[in-house]
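Biologist: I'm new to this one. Please walk me through it in short steps.

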Amino acid sequence: MKLMGDLLDLLKRIASKIELPFYRQSTFVGLSVGTSSIKLVELKKNGGKWKLVHFAFSKLPEDTIVNREIINDVLVSDQIKNLLTQIN
C-alpha cells in the first residue's frame, strides 16, 4: 500500500499550504487520484439529500503514477491545487 501512504503524505503537505474557504459542515470534498486522472467533487447537503455542487477533472501524464506509486508528487500536488482553484 505504498500508494496510499504516499497519497496521505501528499495530502497532508497540500492541506498545510492550502486554505479551503469553501469547506462548511454541510459541504464535503471528495478526491480520487488514479493512474490516469484526478477527480474532485464538492457535495453539499440540502435537506436530507446530497447535491453535486462542483466537479473538476484533470488528466495525468502517463508516467505520473507507476505500479501504484506516485512518481511525480509535485505534478500531482499542482494538479490538485488547480482543481481546488477551479471549484472555489
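Biologist: Let's start with one residue. In which strand is glutamate 42 found?

Modeller: Glutamate 42 sits in strand S2. Helices (DSSP runs of H or I, at least four residues) and strands (DSSP runs of E, at least two) are numbered from the N terminus.

Biologist: And what kind of model is this?

Modeller: This is a predicted model, where local features need pLDDT of at least 70, side-chain atom pairs count only at pLDDT 80 or more, and totals for chains, interfaces and linings use all residues. Residues are numbered from 1 along each chain as its sequence is written, and side-chain values use heavy atoms, with hydrogens and water left out.

Biologist: Back to glutamate 42. Buried or exposed?

Modeller: Glutamate 42 is buried, because its relative accessible area is 4%. Buried means under 20% relative accessible area, exposed means over 50%, and partly exposed is in between, with a 1.4 Å probe and protein chains only.

Biologist: How far is glutamate 42 from leucine 52 in space?

Modeller: They are 6.2 Å apart, C-alpha to C-alpha. In sequence, 10 residues separate them.

Biologist: Zoom out. How many helices and strands are there?

Modeller: The protein has 2 helices and 5 strands. The order from the N terminus is α-β-β-β-β-β-α. Of its 88 residues, 30% count as buried.

Biologist: How do S1 and S2 pair?

Modeller: S1 (residues 27-33) and S2 (residues 37-46) are antiparallel, over 7 bridges. Two strands pair if DSSP finds at least two bridges between them. The hairpin joining S1 to S2 runs through 3 residues. Valine 33 has isoleucine 38 in S2 as its bridge partner, and phenylalanine 28 stands opposite leucine 43.

Biologist: How many bridges link S2 and S3?

Modeller: S2 and S3 pair over 10 bridges, again in the antiparallel sense. Leucine 40 faces alanine 56 in S3, and lysine 45 faces tryptophan 50. Their hairpin has 2 residues between the strands, and glycine 47 there takes a positive phi near 70 degrees.

Biologist: Which other residues have a positive phi?

Modeller: Asparagine 67 has a phi near 50 degrees, and arginine 68 has one near 65 degrees. Neither is glycine. Asparagine 67 lies in the loop between S4 (65-66) and S5 (69-70), and arginine 68 is in the loop between S4 and S5 too. Asparagine 67 counts as exposed because its relative accessible area is 76%. Arginine 68, at 52%, is exposed as well.

Biologist: New topic, the core. Which residues touch the most other members?

Modeller: Val33, Ile38, Leu40, Val76 and Ile80 do, in the largest nonpolar core of 13 residues. S2 and helix H2 (73-87) each supply at least two residues of this core. H2 gives the most, with 5 residues. A nonpolar core is a set of buried Ala, Val, Leu, Ile, Met, Phe, Trp, Tyr and Cys residues joined through side-chain atoms within 4.5 Å.

Biologist: Which H2 residues are buried?

Modeller: Leu75, Val76, Ser77, Gln79, Ile80, Leu83, Leu84 and Ile87. An α-helix has 3.6 residues a turn, so residues three or four places apart point the same way.

Biologist: What span should H2 have?

Modeller: H2 has 15 residues, so at 1.5 Å a residue it should span 21 Å. The expected span is 1.5 Å times one less than the number of residues. Its end C-alpha atoms are 21 Å apart, which agrees.

Biologist: Last one, the outside. Which residues form the nonpolar surface patch?

Modeller: Phe28, Leu43, Trp50, Leu52, Phe55 and Phe57, with about 600 Å² of accessible area together. Strand S3 (residues 49-59) gives the largest share, 4 residues. Patch residues have over 30% relative accessible area and no salt bridge; like charges are joined within 9 Å, and nonpolar side chains (Val, Leu, Ile, Met, Phe, Trp, Tyr) within 5 Å. A salt bridge is a Lys or Arg side-chain nitrogen within 4 Å of an Asp or Glu carboxyl oxygen. Areas come from the Shrake-Rupley method with a 1.4 Å probe; for residues, only the protein chains shown count as cover.

Biologist: Why does tryptophan 50 count as partly exposed?

Modeller: Because its relative accessibility is 43%. Tryptophan 50 lies in S3.
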